[in-house]
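Q: Please walk me through the features of this structure, taking the general idea of each before the case at hand.

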Amino acid sequence: MTAALGLYQRLSGLPVPWHPTTTPTPLIIYGAASAVGAYAIKLARLSNIHPLICIAGKGIPFVQSLILPDKGDVVLDYREGDEKLVANLKSAVDRAGGKVEYAFDAVSENGSFQNICQVLDHQTGQITLVLPGKDYSAIPSTIKHTTTTVWSVHTDVDQKEAGNRVGNDTDFGYIMFRFFSRGLAEGWFKGHPTEVVPGGLAGISGALKNLKEGKASAVKYVFRLEDTEGVERYKTN
């Protein structure tokens, strides 16, 4: 839902999946191997939004399985450093027609939006970010920037952290949750890859350490309560 909100409620002008575009619409997705980034790719494809200029690291093979190179989609490696990444972004933008107006930053830190803004159009560009309360003053004033937070689909109260809205997020959420359900049931929309962590709740500490150290990529951890040692003592008939 975060990906959907960012694409269709925060980035003004992108087409929803049931009205896909018929013209090239370049889109930058930073953090493309994350769950939010990967869902942004999947939704963009349903909307026929291409070319997709994706940025990832260890999850590049996963991202490559999602994009369509024949439509100009590419994935760039941020691990090569900011200077190299920006150069590659500029080359990708040139191949996309020389102008990119939309960016979804699913990282929103460690130089991500600064890198994006070096290639995003400074007159008509839009970027949405996912971390509220951050200092985004480095974004040029001529680039429209908003923050996407999923809680907005559960409340009618406008919050400044959510940025400027297009329509009502609760109504939008009502529609999209049903759209996702249909897609999952019919098989044309799939969830993010998962990994079951051994030991149930005892595995949480190690999983959090992996997340902190950046060892988890293109995966969501799953903890099964029944795998927790001693859980039998708390079972009731």
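**Helix burial, strands and rings**

A: Start with α1, which is mostly covered: 9 of its 9 residues are buried. Buried means under 20% relative accessible area, exposed over 50% and partly exposed in between, with a 1.4 Å probe and protein chains only. Helices (H or I, at least four residues) and strands (E, at least two) are DSSP runs, numbered from the N terminus. The model is a predicted one, where local features need pLDDT of at least 70 and side-chain atom pairs count only at pLDDT 80 or more, while totals for chains, interfaces and linings use all residues. Residues are numbered from 1 along each chain as its sequence is written, and side-chain values use heavy atoms, with hydrogens and water left out.

Q: What covers the buried residues of α1?

A: The cover includes β1 (27-30), α2, β4 (102-105), β5 (126-129), β6 (144-147) and α6. Among the buried residues of α1 are L5, Y8 and R10.

Q: How many aromatic pairs does a search of the whole structure find?

A: A pair of aromatic rings is described by the distance of the centres and the angle of the planes. Rings of Phe, Tyr and Trp (its six-membered ring) pair if their centres lie within 6.5 Å; planes under 30 degrees apart count as stacked, over 60 as edge-to-face and the rest as tilted. The search finds 7 such pairs. In one of them, Y8 and F172 have ring centres 6.5 Å apart and planes at 55 degrees, so this pair is tilted. It links distant parts of the chain, with Y8 in helix α1 (residues 2-10) and F172 in helix α6 (residues 169-186), 164 residues apart. Y8 is buried at a relative accessible area of 7%, and F172 is buried at 9%.

Q: Why is the pair of F180 and F189 classed as it is?

A: Their ring centres are 5.2 Å apart and the planes are at 20 degrees, so the pair is stacked. Both F180 and F189 are buried. Ring pairs also link these two with W18, Y39, F179 and W188 into a cluster.

Q: Which ring does the charged end of R178 sit over?

A: A charge sits over a ring if NZ of Lys or CZ of Arg is within 6 Å of the ring centre and within 35 degrees of the ring normal. For R178 the ring is that of Y174, and the charged end is 3.5 Å from its centre.

Q: Which strands does β1 pair with?

A: Two strands pair if DSSP finds at least two bridges between them. β1 is joined to β2 by 4 bridges, and the two run parallel. β1 also pairs with β4 in the parallel sense over 4 bridges. I29 stands opposite C54 in β2 and opposite F104 in β4. From β1, L27 and I29 point one way and I28 and Y30 the other, and all are buried.

Q: Is H50 buried or exposed?

A: H50, in the loop between α2 (35-46) and β2 (52-56), is buried, with a relative accessible area of 5%. A polar contact is a pair of N or O atoms within 3.5 Å; within protein, one must be able to donate a hydrogen and the other to accept it, and residues adjacent in sequence count only if both atoms are side-chain atoms. One of 2.9 Å joins the side chains of H50 and D73.

Notes
Contact means heavy atoms within 4.5 Å.
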